[in-house]
Amino acid sequence: MIVVTGATGNVGRALVTRLVADGRAVRALTRAPETAGLPDKAEVVRFRPEDLAPLFAGATELFLYVQGAGGRLPELLQAARTAGVRHVVLLSSGIIQEGADETHPIHVMHATAERQIRDSGLAWTFLRPNAFATNALQWAPQIRVGDTVRGVFAGMLTAPIHEDDIAAVAERALLDDGHEGAVHRLTGPAATTNTDQIAAIGQALGRELTFVEVAPEEAAPLFPGTPPEFLQGLLKTFAATVGVPPEITTTVEEITGSPARTFGQWATDHAADFRP
């Protein structure tokens with residue numbers, strides 16, 4: 001039995017779908033099973049942070065999304081270990097690397113989780129993806145109603161990774177030997193700017209879209225629901241990428257046997273998300 005936290009998130013959903021298709025026993029944890037929309041063969045269970053033990057009965061593997069732990073990560077890890085889970089694959093962050101700003105809120109959150117997992121006594125594998133292609137969904141509301149997209153830092157460079165490529169690596173880390181104690185840095189195959197990404201989405205839709213840069217101090221309305229302390233950290237991170245070639249790894253292909261998908265492929269896969 002493989003337990004997947006954050007099962008209705010982008011990566012969690014893709015992972016559950018992959019594991020079910022492979023005939024694996026999957027227990028998908030979510031706060032709202034009734035609206036999860038996960039594959040029928042997955043065991044969809046309500047996540048209750050106050051009652052963790054039943055979530056791991058009979059399980060041996062755990063896929064962990066930090067924010068899916070309900071703020072009780074040490075207790076969750078203890079419950080998993082007590083129930084017989086022996087290996088955890090963590091969806092961490094590429095922000096954790098030598099020379100990183102260790103005060104950045106995203107760094108603090110994931111570095112803390114990695115430390116708690118190391119201290120838990122469980123075997124572990126850390127996945128550290130950089131930019132997610134799904135970040136482009138922030139532009140969907142604008143694209144649904146027009147051909148102009150307002151955003152920050154037109155020239156920021158990233159190598160966005162398809163969420164299913166992260167899920168494919170997670171699947172192999174859960175099912176194959178040799179990943180315990182490994183840290184896998186994950187990226188897409190090529191650098192793109194925000195302008196490039198908007199053009200790729202337009203091509204997938206058969207439309208010509210235009211990116212209009214907004215000053216960082218005017219960016220708050222573009223990130224609704226983002227706490228101010230996180231937004232400032234994000235903007236600082238974004239600014240540091242302008243004109244700077246991003247890290248590009250071949251880890252996806254090395255582990256899965258298939259090359260990481262381009263942002264254009266992601267845009268084609270998600271074209272429906274940008275249509276009215």
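In this predicted model, the axes of helix 1 (residues 10-21) and helix 5 (residues 163-175) come within 8 Å and cross at roughly 55°. Helix 1 and helix 5 are therefore oblique to each other.

**Helix 1 and helix 5**

- The crossing of these two helices, helix 1 and helix 5, is right-handed.
- Helix 1 contributes N10, V11, A14, L15, R18 and L19 to the contact.
- From helix 5, the contact takes in E163, D164, I166, A167, A168, A170, E171, L174 and L175.
- By class, the residues of this contact are ten nonpolar, one polar and four charged.

**Helix 2 and helix 3**

- Helix 2 passes helix 3 in a right-handed crossing.
- On the helix 2 side, the residues in contact are L73, P74 and L77.
- These residues meet A113, Q116 and I117 of helix 3.
- The contact of helix 2 with helix 3 has five nonpolar residues, one polar residue and no charged residues.

**Second largest pocket**

- The lining of the second largest pocket includes G6, A7, T8 and G9.
- L29, T30 and R31 are also among the residues that line this pocket.
- F47, Y65, Q67 and G68 belong to the lining as well.
- Sorted by class, the lining of the second largest pocket has four nonpolar, six polar and one charged residues.

Technical notes:
Residues numbered from 1 in each chain as written. Predicted model: local features only at pLDDT ≥ 70, side-chain atom pairs only at ≥ 80, totals over all residues. Heavy atoms only, no water. 1 Å grid on protein atoms, 1.4 Å probe; cavity = no way out; pocket = protein on both sides within 12 Å on 5 of 7 lines; lining within 4 Å. Nonpolar A, V, L, I, M, F, W, Y, C, P; charged D, E, K, R; others polar. Axes fitted to C-alpha atoms, helices over the stretch in contact; angles between N-to-C directions. Helix = DSSP H or I, 4+ residues; strand = E, 2+ residues; numbered from the N terminus. Parallel < 35°, antiparallel > 145°, perpendicular 65-115°, else oblique. Left-handed = near helix turned anticlockwise from the far one by under 90°. Contact = heavy atoms within 4.5 Å.
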